[in-house]
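Subject: Structure handover

Hello,

Here is the structure for you to look over. My notes on it follow below.

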Amino acid sequence: MNTIESLQWRYAVKKFDENKSLTEEQITTLKEAFNLTATSYGLQPITLVVVQNKEIQKQLVEHSWNQQQVLQASHVLVLCIPAEYTEREVEHYFNLVKEIRNTPDEILNPFKEFLMGSFKQKSQEELYAWNKNQAYIALGNLMTVCALEKIDSCPMEGFVPEKYDEVLDLASKNLRSVLVMPVGYRAEDDFMKDLKKVRKETDETVLNIS
């Protein structure tokens, strides 16, 4: 399939085949794709938690509006952001730039000082909103990669983040869950499997300016 055919093929799976699991190679592809996701300034204020534990998945179902895909799926991907975002995160980024690119301080410092000043002026609520936007970018990227790799998925906002944080002990890692995506293989009896995709015509959603 080409890219458009793959995107036509994907849909938000309502029932996964519980007897099929993704391979380690497939999960590694998703992890790497997540890590390569574009983020503002390249700061990567996002973390992917990969859950493959049926007992934990079963616990998460009741905190997911009883959506059974969370239990049925091969793996559950939980996209998280820092509970508290500090200057240390920015410092870490510039240390990486220096290490990987060997960029001298006189080149890095003006941009570093700009970012440090910008973040100092923001409240934790503002930083939370900004970081959450980065998680949505990652979710979109993962959905596209899943389609290209013929991995089924179901992006979810319908869950109770505080309960996920509790079950997964995210507070101890300075993380808060913001998005969820079970992945695996669609069940043959998923009622959504063969339904035509409903979309507006492209000329309704795309504006060309010449």
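A pocket here is an open set of grid points, where a 1.4 Å probe fits, with protein on both sides within 12 Å along at least five of seven lines, and its lining residues have an atom within 4 Å of a point. On that basis, α5 gives the most to the lining of the largest pocket, with 7 residues. Please keep in mind that this is a predicted model.

The pocket

The largest pocket holds about 400 Å³ of space. It is lined by 17 residues, and the closest to its centre are Gly42, Leu43, Gln44, Tyr93 and Leu96.

The chain as a whole

The chain has 9 helices and 4 strands. Read from the N terminus, the order of its elements is α-α-β-α-α-β-α-α-α-β-α-β-α. Along the principal axes, the C-alpha atoms fill a box of roughly 60 × 50 × 30 Å. The chain has 210 residues, of which 41% count as buried. If you take the contacts between residues at least 6 apart in sequence, 80% of them join residues at least 24 apart.

In total the structure holds 9 aromatic pairs. In one of them, the rings of tyrosine 93 and phenylalanine 94 have centres 5.2 Å apart and planes at 80°; planes over 60 degrees apart count as edge-to-face, so this pair is edge-to-face. Phenylalanine 94 also pairs with phenylalanine 111: the ring centres are 5.7 Å apart and the planes stand at 70°, so this pair is edge-to-face as well. This second pair links distant parts of the chain, since phenylalanine 94 is in helix α5 (residues 87-101) and phenylalanine 111 is in helix α6 (residues 105-120), 17 residues apart.

Phenylalanine 111, at 34%, counts as partly exposed.

Two lysines sit over aromatic rings elsewhere in the chain. The charged end of lysine 20 is over the ring of tyrosine 185, 5.9 Å from its centre. Lysine 150 lies over the face of tryptophan 9, 5.1 Å from the ring centre.

In soluble globular proteins, nonpolar side chains tend to be buried together. The largest nonpolar core in this model has 22 residues, and those that touch the most other members are Leu30, Phe34, Leu77, Leu79, Leu142, Met181 and Val183. Two or more residues each come from α2 (24-35), β2 (75-82), α7 (124-149) and β4 (175-184). Which element gives the most to this core? That is α7, with 7 residues.

Leaving aside neighbours within four places in sequence, phenylalanine 34 is in contact with Ile46, Thr47, Leu48, Leu79, Ala138 and Leu142.

Single residues

Methionine 143 is in helix α7. With 19% relative accessibility, methionine 143 counts as buried, because the limit is under 20%. Beyond four places in sequence, methionine 143 is in contact with Arg10, Pro155 and Met181. Methionine 116 is 27 residues from methionine 143 along the chain, and their C-alpha atoms are separated by 32 Å.

Serine 64 is in the loop between α3 (54-61) and α4 (69-72). Its relative accessible area is 0%, so serine 64 is buried. Not counting residues up to four places away in sequence, serine 64 touches Val70, Gly158, Phe159 and Tyr164.

Valine 160 lies in the loop between β3 (152-153) and α8 (161-167). Valine 160 has a relative accessible area of 30% and is partly exposed. Valine 160 and glutamate 62 are 98 residues apart in sequence, while their C-alpha atoms are 9.1 Å apart in space.

Regards

Conventions: Residues numbered from 1 in each chain as written. Heavy atoms only, no water. Phe/Tyr/Trp six-rings, centres within 6.5 Å; stacked < 30°, edge-to-face > 60°. Buried < 20%, exposed > 50% of the residue type's maximum accessible area, 1.4 Å probe, protein only. Lys NZ or Arg CZ within 6 Å of the ring centre and 35° of its normal. Core = buried A, V, L, I, M, F, W, Y, C linked by side-chain atoms within 4.5 Å. Contact = heavy atoms within 4.5 Å. 1 Å grid on protein atoms, 1.4 Å probe; cavity = no way out; pocket = protein on both sides within 12 Å on 5 of 7 lines; lining within 4 Å. Points joined across faces, edges and corners; volume = space filled by probe spheres on them.
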